[in-house]
Amino acid sequence: MKPIEIAQGIFDVGVNDWNISDFHGYSTPFGTSYNAFLILDEKTTLIDTVKSEFSDQLINNISSIIDPKKIDYVISNHTEMDHSGGLPRVMHRIGEEKQIFCSKMGVKNLSRHFSQKLNLRAVENGEELSLGARTLTFLETRMLHWPDSMFTYAKEDKILFSSDAFGQHYAGFEKFDDVVGHIIMPHAKKYFANILLLYSPLILKLVEKVTELGLEFNMICPDHGIIWRKDPAKIINAYVQWSKQEAEKKAVIVYDTMWHSTEKMADAIASGLAEQGVKVRPMHLRKFHRSDIMTEVLDARAIIVGSPTLNNGLFPTISDFLTYMKGLKPLNKIGAAFGSYGWSGESVKLINNVFKEMKFEVIDPGLKIQYVPDNEGIEACYQLGTKIGNAITG
Ligand code: FEO
């Protein structure tokens, strides 16, 4: 991807990663981008780098604008290696004595990642750095998404370089919200649900802090996906809404099945819910990726999990999903469990145990049916759906 001048003297010199389809367990069928930004000023500055295998592409992009040796400063907003992996190669190219500005945790974490000596300089929250005509302000954003994370704000241009926040895993030549259009929001939602959901309370505090500071944004430049320039408020408002975790009248039924019995139960529960006016998404775990299911969980009020009992335990895909969902800490959910069994039937109890750990409101002991559900069993499933539907709409 050729560099794009996103504002006068500021270039996106990042790269598209078209072929990544799994980003540490998150499905990325549209690939992703690693955005990095070059600011031309009296002190030429590079904000973030890219994944290590794209280092040469980054250096070529910079070289098409200036001699990389002319870079004076590097800012590392975040240590995770999709943004810092290219740092050693870049430093080797631009001069290893050049200063790298990062948070205090950034100093520790970058030192733990790379064996070569880096000229790291910790910045304080709110500290300013003059580049000449421009001033950069650093804002600590611990845990968004790592302890070292920070934002860099270009004061005169009113541009926020927001690292992971407000990003999307999306590779494309359409680099701006007004060019790509509305199709970007589902990608931003999936990114939030799978990367940032557990930090929702911190996001709300951060937005409050930014509002207090009276910061204005002409542009928000995340390190993944498109740049928000037409309507930066749109993604900020979406983050506030998602962070509040106010659910819709919606239920997700997540299940797996061995001989279609648990699937029949899922269908009947779904009918009961739909009858109560609830939007319902039955999702078979071997047909949908866990990260797509989490996107649906984000704004659902009820999460209904169904597992056959296999070898006295849960079906493996269900264990995987429950572990994943538990880590992302969704709040304010109703939980209900169901499943078919042959002779021991532990699955419902095991799912309920996880719900309790996650502080879900378990509104029913759950439903287990031996072998194949008969008409009576199907009716019991329908009634369970109705009960959950009433709890959602009531
Ligand atoms: Fe895109 Fe937390 O790295």
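How much space lies in the second largest pocket? In this predicted model, about 200 Å³ of space lies in the second largest pocket.

**View 1. Centre of the second largest pocket.** The lining of the second largest pocket consists of 14 residues. Pro186, His187, Lys190, Asp292 and Thr295 are the closest of these to the pocket centre.

**View 2. Elements and domains around the second largest pocket.** Strand E5 (26-27), helix H6 (185-196) and helix H10 (290-298) are the elements that give two or more residues to the lining of the second largest pocket. H6 provides the largest share, 4 residues. Domain 1 (4-244) and domain 2 (251-393) each contribute at least three residues to the lining of the second largest pocket. By class, the lining of the second largest pocket comprises 4 nonpolar, 5 polar and 5 charged residues.

**View 3. Centre of the largest pocket.** The volume of the largest pocket is about 330 Å³. Its lining is made up of 18 residues, and the closest to the centre of the largest pocket are Met258, Thr309, Ser340, Tyr341 and Gly342.

**View 4. Elements and residue classes around the largest pocket.** At least two lining residues of the largest pocket come from each of helix H9 (261-275), strand E20 (309-310) and strand E22 (334-341). The lining of the largest pocket contains 8 nonpolar and 10 polar residues, with no charged residues.

Conventions: Residues numbered from 1 in each chain as written. Predicted model: local features only at pLDDT ≥ 70, side-chain atom pairs only at ≥ 80, totals over all residues. Heavy atoms only, no water. 1 Å grid on protein atoms, 1.4 Å probe; cavity = no way out; pocket = protein on both sides within 12 Å on 5 of 7 lines; lining within 4 Å. Points joined across faces, edges and corners; volume = space filled by probe spheres on them. Nonpolar A, V, L, I, M, F, W, Y, C, P; charged D, E, K, R; others polar. Domains from an automatic or database assignment.
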